[in-house]
Amino acid sequence: MTQDQATRYPIVLVPGFFGFVKLVVYPYWFGIVPALRRGGATVIPVMVSALNSSEIRGEQLLGRIEEILRETGAAKVNLIGHSQGAITIRYAAAKRPDLVASVTSVAGPNHGSELADYIESRFPIHTARGRLLNAALLVVGWAMHLLDTGYRGTRLPTDLDAAHLSLTTQGMASFNSQFPQGLPTTWGGQGAELVNGVRYYSWSGTLQPGRTNRGWNRLDGTNVTCRIFASTFTKERGQSDGMVGRFSSHLGTVIGDDYPLDHFDIVNQSLGRVGKGANPVGLFLEHAARLKAAGL
Ligand code: CA
């Protein structure tokens, strides 16, 4: 066991929309948690409401952070969030910067998701097709809750409409006006790395025909899903991971925004099946080493 990832503060992993800790035996952060632990890091994957607003999820996360600090004796945590988890951790850090050493957005829709915009325009909440879609998503959410063996707390509240509105361009603009920490001031630029004592970082990927649709992804249906979802993008057409645009993901120091990873590959889904030449676990290991080198 090396100590390359032995960060000073525990690393707390926060999942996105439809997040979970472990479905029966299948973890959300597939292969990532053990790899970080082998490098000496203390890693805690947490659960927040699978379907809810980023603010509600952020409040739940603050409660978990306080528990983790009590349990570990640490003074702060390093937060890493995937997808809506990135917005969730931004909320927590904005509210309690004293408890947070770093915020890292992994494929976070920091300026909104064009997929969410598309769904909002094509499946409005108060129409039959919108209600049908919501019902289907709620059934999936309920089934996932029943199967989640990695979370043993009380049942977390669900508000699908709030979750969805949290992810649109308009919803994120409203969130960003309240919680601008680490955001770039120009489209496609980088944000401040250090705000209120908290370091901000981000990375993301894009669909790259000939790479992301090759290798093990040929056997992974989530890659096909991302390719279908990518067709809903207009502003960042050809520059998305299927669910989040390249520039929309920018926050703080941008470590990279064009890794050959779709929105699921970036957390090593499904079952480590990623495209040709991709190494999503390596990005987490490099980042933990970066946090350690920064004294975090
Ligand atoms: Ca994949």
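Start by selecting Asp258, which counts as partly exposed at 40% relative accessibility (buried means under 20% relative accessible area, exposed over 50%, partly exposed in between; 1.4 Å probe, protein chains only). A word on ground rules: this is a predicted model, where local features need pLDDT of at least 70 and side-chain atom pairs count only at pLDDT 80 or more, while totals for chains, interfaces and linings use all residues. Residues are numbered from 1 along each chain as its sequence is written, and side-chain values use heavy atoms, with hydrogens and water left out.

Arg246 sits in the loop between α8 and β9 and Asp258 in strand β9, so the pair ties together parts 12 residues apart in sequence (helices are DSSP runs of H or I, at least four residues, and strands are runs of E, at least two, numbered from the N terminus).

Next, pick Arg96 and Glu66, another salt bridge, at 3.4 Å. Asp98 joins these two in a network of salt bridges.

Hop to Arg64 and Glu67, whose closest N and O atoms are 2.6 Å apart in their salt bridge. Both lie in helix α2, 3 residues apart, which means about one helical turn separates them.

Last stop: the calcium ion. Its protein donors are Asn217, Asp220, Asp265, Gln269 and Arg273, 2.2 to 2.5 Å away (donors are N, O and S atoms within 2.8 Å of the metal, or 3.2 Å for Na, K and Ca; water is not among the atoms, so sites may look incomplete). Asp265 is buried at 0% relative accessibility.

Terms used:
Salt bridge = Lys/Arg side-chain N within 4 Å of Asp/Glu carboxyl O.
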